[in-house]
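This briefing looks at charged side-chain pairs and at one helix packing contact. Please read it beside the sequence and the model.

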Amino acid sequence: MTASDSRKVVLIGTGMVGMSYAYALLNQNACDELVLIDLDAERAMGEAMDLNHGLAFSSSSMKIYAGKYADCASADIVVICAGVAQKPGESRLDLLQRNAAVFRSIIGPVTESGFNGIFLVATNPVDIMARITCTLSGFNPRRVLGSGTALDTARLRYLLGDYFSVDPRNMHAYVIGEHGDSEFVPWSQAMMATKPILTLCEETGICQYADLENIAAEVRGAAQKIIKAKRATYYGIGMALVRITKAIFGNENSVLTVSAMLRGEYGDSGENGVFVGVPCIVNRRGVRKVLTLSLSDEEARRFHASCQTLQDSYKELNLQ
């Protein structure tokens, strides 16, 4: 991408997650052109007006407007935050079926516009929705990614930094697997600077393994805790999406735990085609490479079980 290129994002879905992303994009000057699309066209127009009225207070000179699917033709990234909420008593699979129908109504018009950029998916369950996007679009899987466990990993590093009284940016650890109940922290790969955390615990006694597992459980349950308190989570995921967007536009080759397709990187051919949260090198072309962590036997078992959960859910959809 040259300096003269316009960084254009089309955002589909102007709910709380979508607009938290849009607001963070504006504040971080992360793109040059932002198009808002929603089934409720009037809402999209109102949101665009509201953001535009803040431009004078921003360092950004973004062009922001409500648009149509035809606007995707020249977009670099299409970000999907649209979807339906789970109804009381509704099963996860029923929710999946309804969101799959929503995505059918979105992906077709986007690809028909001539869009040839990168899909970034935030709609939950994000791993399966990213896979559905890939299936319906026919895109190279490396140009389709979900927000995955990027936010979970940020939550983990924040909590580890607090626990060890160290800047979270110097805590190197990942949450991997499904963005959901089967996600976990491979502690064998967690480090403070270049010191393995498990070694630190053994040598100094300043931490207990039980404390680490409590931190992992807190990360896993963070979303439900927030939802109970304020009905939804949106600021954190909005900022996580901006971080991924900046990695793409900046051609950063940054390592982020996004939801990407596995192609045998973790040694089980049965997982090929599964989209799951794993550390990936992200640049202007999307996912440049899925990194393979050296998991312990128990960690590998947990990872394979998480992938199998995603595989089973996807197969139950019977997408044609």
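A salt bridge is here a side-chain nitrogen of Lys or Arg within 4 Å of a carboxyl oxygen of Asp or Glu, and by this rule the count comes to nine salt bridges. The model is predicted, so local features need pLDDT of at least 70 and side-chain atom pairs count only at pLDDT 80 or more, while totals for chains, interfaces and linings use all residues. Residues are numbered from 1 along each chain as its sequence is written, and side-chain values use heavy atoms, with hydrogens and water left out.

**Salt bridges**

- K8 pairs with E33 in a salt bridge whose closest N and O atoms are 3.9 Å apart; K8 lies in strand 1 (residues 8–12) and E33 in strand 2 (residues 33–37), so the pair ties together parts that are 25 residues apart in sequence.
- K8 is buried at 5% relative accessible area, where buried means under 20%, exposed over 50% and partly exposed in between (1.4 Å probe, protein chains only), and E33 is buried at 14%.
- E298 and R301 meet in a salt bridge of 2.7 Å, N to O, and both lie in helix 9 (residues 297–317), three residues apart, about one turn of the helix.
- E298 is partly exposed at 44% relative accessible area, and R301 is partly exposed at 48%.

**Helix packing**

- The axes of helix 5 (residues 150–164) and helix 7 (residues 209–230) come within 10 Å and cross at roughly 130 degrees, the axes being lines fitted to C-alpha atoms over the stretch in contact, with angles running from 0 to 180 degrees between N-to-C directions.

Conventions
Helix = DSSP H or I, 4+ residues; strand = E, 2+ residues; numbered from the N terminus.
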